[in-house]
Amino acid sequence: MDEKTVATLTQKALAARSNAYAPYSRFLVGAALITEDGQVFSGCNVENAAYPEGVCAEAGAISAMVAAGGSRKIATIMVAGKGPAPCLPCGGCRQKIREFATQRTCVLVVDENGTELFKDDLHALLPHSFGPENLETGADENPA
Ligand code: THU
């Protein structure tokens, strides 16, 4: 991935992070992804007084991608959390990313300053995974 793409994702993920709604955990997270056709989408965590109803930043970025109606293939997804430990996607988000991943989908984690803390393929984070191709119908098309 080229430096310009990393810079764009970093800027978008940090901007989304600054809008995060996390009054309960106080742990702000932003995410930005780029699709295989070059569109960029972002999201932030949105918590809720009914705690389990909160949603992760990655889920917001994925929803924006799907709503836009273009390519749903994630080339790279970046997560911006607070260091020093990398804010790696939770198990649920790994599976959500998997739905729209390719063999090459890359996951990057940066800290609150945009410093890279982690980079690897989704496959390394979610090996031996279950995906759309496990279902007979697949998920390429919506049912009529
Ligand atoms: N969170 C994310 O949004 N993404 C991650 O990758 C890890 C955790 C959120 C969920 C919750 O709002 C807060 O961070 C603390 O867990």
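Reply: What follows covers the ligand site and then the cysteines. The model is predicted.

The shell around the ligand consists of Ser25, Phe27, Val29, Asn45, Glu47, Cys56, Ala57, Glu58, Cys87, Leu88, Pro89 and Cys90. By class, eight of these residues are nonpolar, two are polar and two are charged. The space that the ligand takes up is the second largest pocket.

In the side chain of Glu47, an N or O atom lies 2.5 Å from a ligand oxygen. The side chain of Glu58 likewise has an N or O atom, 2.6 Å from an oxygen of the ligand. At Ala57 the backbone takes this part, with an N or O atom 2.9 Å from a ligand oxygen. The ligand taken alone exposes 370 Å², and the protein buries 76% of that area.

Cys56, Cys87 and Cys90 are among the residues of the shell, yet the structure holds zero disulfides. A disulfide requires two cysteine sulfur atoms within 2.5 Å. The closest cysteine sulfur to that of Cys56 is in Cys93, at 3.8 Å, so this pair is too far apart for a bond. Cys56 counts as partly exposed because its relative accessibility is 32%. For Cys44, the closest cysteine sulfur is the one in Cys56, 11 Å away, and therefore also too far for a bond. With a relative accessibility of 17%, Cys44 counts as buried.

Technical notes:
Residues numbered from 1 in each chain as written. Predicted model: local features only at pLDDT ≥ 70, side-chain atom pairs only at ≥ 80, totals over all residues. Heavy atoms only, no water. Near = heavy atom within 4 Å. Polar contact = N/O pair within 3.5 Å; in protein donor to acceptor, adjacent residues only side chain to side chain. Areas by Shrake-Rupley, 256 points an atom, 1.4 Å probe, with all protein chains shown as cover. 1 Å grid on protein atoms, 1.4 Å probe; cavity = no way out; pocket = protein on both sides within 12 Å on 5 of 7 lines; lining within 4 Å. Sits in = over half its atoms within 2 Å of the grid points. Nonpolar A, V, L, I, M, F, W, Y, C, P; charged D, E, K, R; others polar. Buried < 20%, exposed > 50% of the residue type's maximum accessible area, 1.4 Å probe, protein only.
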